[in-house]
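Let's take a walk through this model together, going from charged side-chain pairs to pockets. Keep the 3D view open as you read.

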Amino acid sequence: LAEKGHLAVCGTYGSGKSTFLQTFVYSLICKYTPEEVNIYAIDYGSRMLAAFLKAPQVGGVLFENEFDRIEKFSFLILEMIKERKKLFSGGNYGEYVKARGILPAIVIVIDNFAGFRSKTEGKYDDFLIRLSKEGTGYGIFLVLSAAGFGPAEIPFSIGDHFKEVLSLQMGGKFQYAEVMRT
């Protein structure tokens, strides 16, 4: 993520998006210490990310209808951005780590992004647009699962800042082209 930035995992219903996210989080937990990575998950899908609630690298897993916790979480991340902006003094995450050593990467995993946006009525769209634009510079990375890009899924105002897309099974060849932006 530090090299490529945010990651979108796209596929149809039942294609394995939640399983991929679970495997992805597990691999981060196995490879990195809490001093190297802090993971926050918003699970509006299968609740498979609940398996990581007690992992030391996981700051929390939020579920559907936990609106107060999601509000607090968004505030926490915005405060983190302010702190890192001061800390980096005009530089970015990669430069800081190279010069000063370890600072945990923040990985925000959202399973069923369309469901999250729908249930929160788009309340966090501006927050997520800001994260998609600025997050990588501060070591804050988004990993989202969705059926694809577009108004009902990952809107282009967010998706345009994703360089990495993993495409699982899609409904047709045109959907693959749309997701892979070819």
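**Salt bridges and pockets**

E134 and R130 sit four residues apart in helix α5 (residues 125–134), which puts about one helical turn between them. Their side chains meet in a salt bridge, with N and O 3.2 Å apart. Both partners are partly exposed: E134 has a relative accessible area of 31%, and R130 has a relative accessibility of 31%. Do bear in mind as you look that this is a predicted model.

Now turn to helix α2 (residues 67–88), where K82 and E79 are three residues apart and again separated by about one helical turn. K82 forms a salt bridge with E79, and the closest N and O atoms are 3.2 Å apart. Here K82 is partly exposed, with a relative accessible area of 48%, and E79 is also partly exposed, at 25% relative accessibility.

What about D125 and R117: are they buried or exposed? D125 counts as buried at 17% relative accessibility, and R117 counts as buried at 14%. The cut-off for buried is under 20% relative accessible area, so both residues fall in that class. The side chains of D125 and R117 meet in a salt bridge too, at 2.9 Å from N to O.

The largest pocket has a volume of about 480 Å³. Its lining is made up of 20 residues, and those nearest its centre are L1, A2, Y32, A105 and F141. Two or more lining residues come from each of α1 (17–31), α3 (93–100) and β4 (105–111). Among the contributors to this lining, α3 gives the most, with three residues. By class, the lining of the largest pocket has 14 nonpolar, two polar and four charged residues.

The second largest pocket has a volume of about 290 Å³. Which residues lie nearest its centre? They are T12, Y13, G14, K17 and S18, out of 19 residues that line this pocket. The elements giving two or more residues to the lining of the second largest pocket are α1, α4 (113–119) and β5 (140–146). Helix α1 gives the most to this lining, with three residues. The classes here are five nonpolar, eleven polar and three charged residues.

Technical notes. Residues are numbered from 1 along each chain as its sequence is written. This is a predicted model: local features need pLDDT of at least 70, side-chain atom pairs count only at pLDDT 80 or more; totals for chains, interfaces and linings use all residues. Side-chain values use heavy atoms; hydrogens and water are left out. A salt bridge is a side-chain nitrogen of Lys or Arg within 4 Å of a carboxyl oxygen of Asp or Glu. Buried means under 20% relative accessible area, exposed over 50%, partly exposed in between (1.4 Å probe, protein chains only). On a 1 Å grid over the protein atoms alone, a cavity is a set of points where a 1.4 Å probe fits but cannot get out, and a pocket is an open set with protein on both sides within 12 Å along at least five of seven lines; lining residues have an atom within 4 Å of a point. Grid points are joined across faces, edges and corners, and a volume is the space filled by probe spheres set on the points. Ala, Val, Leu, Ile, Met, Phe, Trp, Tyr, Cys and Pro count as nonpolar, Asp, Glu, Lys and Arg as charged, and the others, Gly among them, as polar.
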